Amino acid sequence: MTKYKIFFNNQMVTFDNALEIRSPETNEVVGILPAFKKNQIDSIFENAEKAFETWSTIPHQKRIDYMMAFGKIMLDNKEELAKALTSEVAKNYSDSIKEIERSYDYIVETIDEYKKNFVKPKVQYDNPQTKKGKVSYQKKVALGVVLAISPFNYPVNLSLSKIIPALVLGNTVVFKPATQGSISGALLSKYFYEANLPANVLNIVIGRGSEIGDEIIENKRIKMISFTGGVDIGNRIAEKTSSIPLVLEMGGNDPAIILKDANLNAAVNNVVKGGLSYSGQRCTAIKIVFVHKSIANEFTNKLVEEVKKLSVGSTINNSDITPLISSSSVQWATKLITDAIDKGANLEIGGNTQGNILYPTVLSGIKNDMMIFDGEQFAPIIPIVEFDNVQTVIDDLHNSLYGLQACIFTQNHKEFVRIANKLNYGSINWNFASSRGPDKFPFLGVKNSGFGTQGIYWALESMSRMKTYVVEK
Ligand code: NAP
Ligand code: G3H
């Protein structure tokens, strides 16, 4: 078990106050990290605010060079980072490597977009007829100190998709990783240190959200918050902060709607991958499946056959289904299964647990009075609802608390468009499982699923503001 240091001020440090991180897989301590106390928080923001004065004014190419140097160091150390990531969140090793590679691509794409759309000022002339003789130069400038709060499930990617756009624009960052995710966060801070990033430009704050979270989000020096995580914490941030720009990416209950003309094999494959990868612990995971009653039996049988093929077990063997993040997640998932069965659902497969593993579970006969109908399982459970008229699905989804993504499986494009136009979601996929990527695409949720937009261009947009210079022509 390793004692990690973090990049703090201008050096790598450790403190007496320690946070132990346990593996969700073995329950062993896999890392000890320096944790912050409440009374240290304000000085971190103060330092970040001071660092902004210089960082925001250095040539943009220098900031790009720092980001690329960091990215290269991260990629060169991807095995170290993937092992840490796997150990603290029980993502299988090969998916951890993919997450890091995707994050490197994210850096490159962010820099491209930054150079294309955020560096050069736009010029606007007054209409010559009015003869006012004015010209406006419009620049995008950084905001100041950005607070980045990331969740456990993508501890590298969902941290860097906030940190990189913020920094390249010239903001400084206070970064609060999830507790399970803090080892990855500490390693990211080490790679920034090795890339010679100036002091206090990136400030990692490790500690449990329940202990230091409010102290962080209420700091008066924050100029923007980018949060990804659950609805409760996201809404708490929205309540406790005022007049600060916020981007909140929160929970989802993404539906798949399978019409009777759908390509069934493709729909089954998408539901398995979309619903069960990383054991269902993705905001964009398919969390409920509506299937036309004429094909429901065939769909369910095929789905169960595919689920049987999934490997269940350890991260190091790259099992498809690995342990959930905590025992309380297992308890929550089990409660949803039990509630559904008690109210008449059929357990087609799964439902059993072993430590923090929940075997992949398919439930049919789901009705809208069951908790799982509009609850976020964040676990490998596929609930199936049969429908006769798709309008009833549209009506049910209209009442959903969530609105991240939906997917519709049909060979009829017109019908896809007709239904998609009636659904209130951030994105709607035609014959694809819901997903955040490609990272260039806008990514957003409505209702309880979020506020504001991510995706490479939009992340840059959300962390900058317009500044105009009006001069004589
Ligand atoms: P979470 O419990 O809401 O935690 C998210 C982050 O908030 C963590 O860093 C957490 O730190 C921190 N936090 C906790 N209490 C806080 C407080 N009072 N003030 C400030 N920060 C606080 O979410 P999670 O369990 O890590 O992630 C799973 C959830 O995230 C799911 O609901 C999932 O749908 C959602 N998610 C959404 C998206 C999206 O883009 N829509 C993407 C990924 C995940 P600690 O870990 O120390 O508590
Ligand atoms: O957990 C939420 C992530 O934003 C999902 O990303 O669709 O690329 O797995 P993904």
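Guide: A polar contact is a pair of N or O atoms within 3.5 Å; within protein, one must be able to donate a hydrogen and the other to accept it, and residues adjacent in sequence count only if both atoms are side-chain atoms. This is a predicted model, where local features need pLDDT of at least 70, side-chain atom pairs count only at pLDDT 80 or more, and totals for chains, interfaces and linings use all residues. Residues are numbered from 1 along each chain as its sequence is written, chains are lettered from A and ligands numbered from 1 in the order in which they are written, and side-chain values use heavy atoms, with hydrogens and water left out.

Visitor: How far is an oxygen atom of ligand 2 from an N or O atom in the side chain of Arg-436?

Guide: That distance is 2.6 Å. For the side chain of Asn-153, an N or O atom is 2.7 Å from a ligand 2 oxygen, and for Arg-282 the value is 2.7 Å.

Visitor: Which residues are around ligand 2?

Guide: Count a residue as near if one of its heavy atoms lies within 4 Å. Here they are Arg-102, Asn-153, Tyr-154, Arg-282, Cys-283, Thr-284, Ser-435, Arg-436 and Gly-437.

Visitor: Where is the cis peptide bond?

Guide: The bond from Gly-437 to Pro-438 is cis, with omega near -10°. Helices (H or I, at least four residues) and strands (E, at least two) are DSSP runs, numbered from the N terminus. Pro-438 sits in the loop between β22 (427-430) and β23 (443-444).

Visitor: What is the phi of Ala-90?

Guide: Ala-90 has a positive phi of about 60°, although it is not a glycine. Its loop lies between α3 (78-89) and α4 (93-117).
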